Each structure stands twice: as structure tokens, then as C-alpha cells.
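Dear colleague,

Please find below the structure that I am handing over to you, followed by an account of what was found in it.

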Amino acid sequence: MCRALLLSTTFTTIDMKKLLIVVMMMLIAGQASACDVCGCSLGGNYFGILPFYGKNFVGLRWSQAQFHSYIYPTQNIPAQESHDTYSKVELWSRYHLTKKIQLFAFVPYVYNNMNGTDQVVHAQGLGDMNLMANYSLINNSESNSDWKHTLMAGGGVKLPTGKFSLYDKGKIINRNFQMGTGSVDFTANAVYTIRYKKTGLNFETGYKMNTRNNDGYLFGNQFRFSSQVFFWQQFGKISLLPHAGTYYENAAMHRDGDIIQVNTGGTALLGSAGLDIYVGPITVGVNYQKPVKQHYNSDDTADITSKARWTTSLVYSF
Amino acid sequence: MKKLFIIPFILILFSCSKDKVDPNVGPVTIEFDNTFTDDLKLTIDYNVTNIQLKRDDGTVFTDGLNSHHVSEANEGSQEISLKDLPAGNYVQVSFKIEELHVTGSFEYISASSTVLLTFADGIPVRAEHEPEAHLLFNMNTLKGGGDVQSAFVVDHVHDN
């Protein structure tokens, strides 16, 4: 069990920046255990390029990812396959507690579809809520320089608000397919954006440390890193922000009690392209991701393939 | 406020201590897959008792007096999980099928039958992994006049 909470108060006197630097180095150098490959933590809490640095916002984000699994035939059993779609509509918000501290809340509604030879299931409901805080370490976005950059880092907690033990025909449905993980998980993330006039780069990384749920099931820790190039184009009252880049994710294998679960975890590298449109306080965005390289930890009797993913979002800044 | 903000970092900095795992024992799953052709509509129920697994050195692991009810209606019941077997390679399984009731397109009732099956490559039992032996119980064999033993076959073993 974790004893970390008890120790936390003794560390509050340490210089904030030093601590954050340590955390970030860990994020980069640390054991990159892996992605969310399938399911509930779909895309983690990928921020993307966020609008209007100094403002609060509230928005809706709709995302979908598809996976295909194939089980080879045996002597007596024909091949089986499944097409699975993981979707969520998420209410999310950013609120500035102080000028340097931003709070984020994510409340997802999840609806997943499994269309398989052996199993056909549809499940929907509230997913796992996420609360985060980011601290602004660098921000010269209000300066007159042509070079502008911001660095934010922070962390949060994911709460077990989603159902995690849905059954089908007397058997628990694949854990990735559940509405939530049933566990309290901890996240850390850092976002760096640098812009020269109208062209910029955005780097984002995140790590999620999972704990065991009440069923004794432990999802593997997850790591993600993304980089994007973007352009800022203004046409009267409308601004366009096209962007393209790569997204990497990695997830460690799950454990049920002590038992390592086959066909869980893996890595994927996805190429991404998208467009955000700014009209007054409203931002509408779309982002498409396609796997370039992937390896999911399937055994030699099965194949798991990630298909394209997309996200659309609508944000109101105030 | 800063205090609150730091807590998640600290939690990540101090990783949790790992649960202790006994390296000398492991679990195994035996799956009872009742098969029949599409032209049949069947209700199938039976109890699996007296499961014994034999390791390649002759050691026998016994599930004791446990009785596992298997029902065609409940997929969860078709996977029998045994815990804490001494690690090693298991090459043979025997069990009793009791109170077998197959009803529907045809009827087959049997009070008690013993089944013995061998695994060509064995089932590797080890800590932190759960191998699975996938057995097929072919109802068409029963319909054709075969006995319970002849209706069972080992389809495959997942080492996992």
C-alpha cells in the first residue's frame, strides 16, 4: 500500500520549481509503462492546444477510438473476431484559481460498442471523473516579444465514478470495455508551447499511476507524449489554427490479483492532424489520429489492432 | 493551496510497495466449452467434481471435494479456476461429470462418468500467470451414442 500521503506535508517547504523539475525529469526518463490502449481511459486527458491562455472555459469534447481483435482458429474452433468502438462525450472545464494555478475538471459520459463473433455488447454511462491542477512555470504570453512560450505542469486524481463490473452472460466484460476502472488513479502532466509569430510547437506529456480497484484488478500505468506544429491564421473575426503532429502512448500490462493479464497494454504511435476555429469566445475543433506504428501485447493466438481515432470539441471561453 | 497541489506529485514520487507473490505456486483455468451444431437447441447442466491434475513428475494435485456447477446458460460457470497448484508442467487431468442433464433437441442424462485427458505439451503452471486448458465437450458425440469420455477432447492450452 501507498504511504505517500502521510509524507506529503513534510515536502511542502521544498521549492516548487525544483520539485516540478524533478517530476518532469521523471516523466521523461522514468519507466515508460504504458497506454490506454483500449477503452476507458481513452486518450487519457490529452489537452491539445488550449485556447486563450488567461481565460476560463467550459466545453464539450466528443471522441471515439476503434479497435479490432482477431483470435486465430484452432483445430475445432473457427476464428473469432471483434470490432470494438470506444466513445465518450466529455464535459470539461478550466478555471483559474490564481493567475498561475489552473484547475481542470473532466466529466465523461461513455458509450462503448462490442461487435464480436462471440459477444455483442453495448454499454453506456457515467465514466471516471478527473480533477487536475496545473501550475504555470513559464509564461511570457503577455510580452511583446515575437517568441512566446508557456510551460505548465501539474497533476490530479481520477475518481472511480464509472461502473467497473458490468457482466455479460455470467462473465465480467473485458475490463477495458467497462465505464471506468473502479480505481483511484493519480496523474501528472506537463505542457510546453512555444510560438514564433504565427507558428508554434506544442509538446505534451502525461503519466497515470493506477491503483487496485475493489475487485483486486490493477490497470497498467500509462504514459503518453505528443508533439504538434501549428499555425495561427486570422481572417477578420475568424481565426484558424491548423495543426499536425504525432502522439505516442504506452500502457503496462494489467494484473488481476497477482496474475499478469495477457492481451493488455502495449504501445502505439499515431499521426495526428486537426483544425481549431476561433469565433469570438467560441472555439470549435476537430482532430484525427491514425496509427503509424503499434504493438499491443497480444499472445500468439490473437491480434489486436488500433484503428483511427477522432475528437471534436466545442469550447466557450470567458 | 500549494500544499494541496503537491499531494499528487508526492504520491507519484513514492511508488507503492509491491504485493508479495509466492513464486512456487500458480493458478490454472480449465474451460468447459460445450459444443454442438447449429441445428440443435440444448440446455446443458452438470457438476464437475474430483478434479485431479498430474504433473510430469507424477505428483497429483487434487481439488478435493469441491463441486463446480457448469451451465450452458452461464459462460462464467464454464471456466473453473484452481488456485495454488505447485509450479510445474501438468500433463494429465481427470474429473467426474455428475448429474449431467442435456435436454432440448435430444436428451442425455448421466449420473456420474469419469473423464481422463492428456495434454501433449502440458500446462505450464507458474506464479503470476494463469494458463488455460480449453476442453471441448461435444454434444453431437452424445447424440450419436458416444459416452461422456469420448465426447471430451483437449482443443488447446494457452500458456498465458
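**Findings**

In chain A, 63% of the contacts with a separation of 6 or more are between residues 24 or more positions apart. Please bear in mind throughout that this is a predicted model.

Chain A in outline: its secondary structure consists of 2 helices and 19 strands. The chain has 318 residues, and 38% of them count as buried.

As a general point, the strands of a sheet pair through backbone hydrogen bonds, in either a parallel or an antiparallel manner. In chain A, an open sheet is formed by 3 strands in the order S11-S15-S16, and its pairing is antiparallel. The edges are taken by strand S11 (217-218) and strand S16 (259-260) of chain A; each has a single partner strand, so one side of each lacks a neighbour in the sheet. Strand S15 of chain A, which covers residues 255-256, is joined to S16(A) by 2 bridges in the antiparallel sense. Within this pair, Arg255(A) lies opposite Ile260(A) of S16(A).

Strand S1 of chain B, residues 25-35, runs antiparallel to S5(B), and 6 bridges join the two. Here Val25(B) is placed opposite Pro86(B) in S5(B).

Asn50(B) belongs to strand S2 of chain B, which spans residues 42-55. Is Asn50(B) buried, exposed or partly exposed? Asn50(B) has 16 C-beta neighbours inside 10 Å. A residue is buried at 20 or more such neighbours and exposed at 12 or fewer, so Asn50(B) counts as partly exposed. Leaving aside residues up to four places away in sequence, Asn50(B) touches Phe95(B) and Lys96(B). Asn34(B) is 16 residues from Asn50(B) along the chain, and the C-alpha atoms of these two residues are separated by 19 Å.

Yours sincerely

Key:
Residues numbered from 1 in each chain as written. Chains lettered and ligands numbered in written order. Predicted model: local features only at pLDDT ≥ 70, side-chain atom pairs only at ≥ 80, totals over all residues. Pairing = 2+ DSSP bridges. Helix = DSSP H or I, 4+ residues; strand = E, 2+ residues; numbered from the N terminus. Contact = placed C-beta atoms within 7 Å.
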